[in-house]
Amino acid sequence: QVQLVESGGTLVQPGGSLRLSCAVSGNISISSIAAMAWYRQAPGKQREVVASITAIGRTNYADSTKGRFTISRDNADNTYLQMNSLAPEDTGVYYCNARRYKPGPKGELAYWGQGTQVIVSS
């Protein structure tokens, strides 16, 4: 089984910083992953991609991050999202996503974590 576990979400004041972590484990090799990404779902809204990073380290960010977020990976199956200058609009459940180059044994192309809640409020 493949498991993605997010952590780091909490209540934070506007202007504050937070680092989210995503740990990947199970029956998957890092070479099978084309990209890692962070999504978020604000209350009452659709899930949207926040940032992504490819296997070769290229990154993309949603316009809404306004240069405030940084996605990164280490060599131990962890993906991070550094969030600075947080605003109430950043509130939501943040999800980690792993996308494969090709379908896995059960035809899956991606995996999702359970989400971690971020609340930006004074």
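Strands in this tour are DSSP runs of at least two residues marked E, numbered from the N terminus. The model is predicted, and residues are counted from 1 along the chain.

**Stop one: Thr65**

Select Thr65, which is found in the loop joining strand 6 (59-61) to strand 7 (69-73). Is this residue buried or exposed? With a relative accessible area of 2%, Thr65 is buried, because the cut-off for that class is under 20%. Now display Ala62 as well: its backbone oxygen lies 2.8 Å from a polar atom of the Thr65 side chain.

**Stop two: the disulfide**

Next, select Cys22 and Cys96. The structure holds one disulfide, and these two residues form it, with their sulfur atoms 2.0 Å apart. The angle about the S-S bond is -85 degrees, which makes the link of Cys22 and Cys96 left-handed. Cys22 belongs to strand 3 (residues 18-26) and Cys96 to strand 9, so the pair ties together parts that are 74 residues apart in sequence. Both cysteines are buried.

In soluble globular proteins, nonpolar side chains tend to be buried together. To view the largest nonpolar core here, which has 24 residues, select Leu4, Leu20, Met36, Trp38, Leu81, Met83 and Tyr94, the members with the most contacts inside it. Which strands each supply at least two residues of this core? They are strand 3, strand 4 (33-41), strand 5 (48-54), strand 7, strand 8, strand 9 and strand 11. Strand 3 gives the most, with four residues.

**Stop four: Gly115**

From that list, move to Gly115, in the loop between strand 10 (110-112) and strand 11 (116-120). At 15% relative accessibility, Gly115 counts as buried. Residues up to four places away in sequence not being counted, Gly115 touches Glu6, Val93, Tyr94 and Tyr95. A distance drawn from Gly115 to Thr70, C-alpha to C-alpha, gives 18 Å, and the two are 45 residues apart in sequence.

Select Tyr95 and Trp112. A search of the whole structure finds two aromatic pairs. Tyr95 and Trp112 form an edge-to-face pair, with 6.4 Å from centre to centre and 85 degrees between the planes. This pair links distant parts of the chain, since Tyr95 is in strand 9 (residues 92-100) and Trp112 in strand 10, 17 residues apart. Tyr95 is buried, with a relative accessible area of 13%, whereas Trp112 counts as partly exposed at 39% relative accessibility.

Which charged residue sits over the ring of Tyr95? Display Arg47, whose charged end is 3.7 Å from the centre of that ring. Arg47 also lies over the face of Trp112, at 4.6 Å from the ring centre.

**Stop six: Ser85**

Finally, select Ser85, placed in the loop between strand 8 (78-83) and strand 9. Most residues other than glycine have a negative phi. The phi of Ser85, however, is positive, near 50 degrees. At 45% relative accessibility, Ser85 counts as partly exposed.

Terms used: Predicted model: local features only at pLDDT ≥ 70, side-chain atom pairs only at ≥ 80, totals over all residues. Heavy atoms only, no water. Buried < 20%, exposed > 50% of the residue type's maximum accessible area, 1.4 Å probe, protein only. Polar contact = N/O pair within 3.5 Å; in protein donor to acceptor, adjacent residues only side chain to side chain. Contact = heavy atoms within 4.5 Å. Phe/Tyr/Trp six-rings, centres within 6.5 Å; stacked < 30°, edge-to-face > 60°. Lys NZ or Arg CZ within 6 Å of the ring centre and 35° of its normal. Disulfide = S-S within 2.5 Å. Core = buried A, V, L, I, M, F, W, Y, C linked by side-chain atoms within 4.5 Å.
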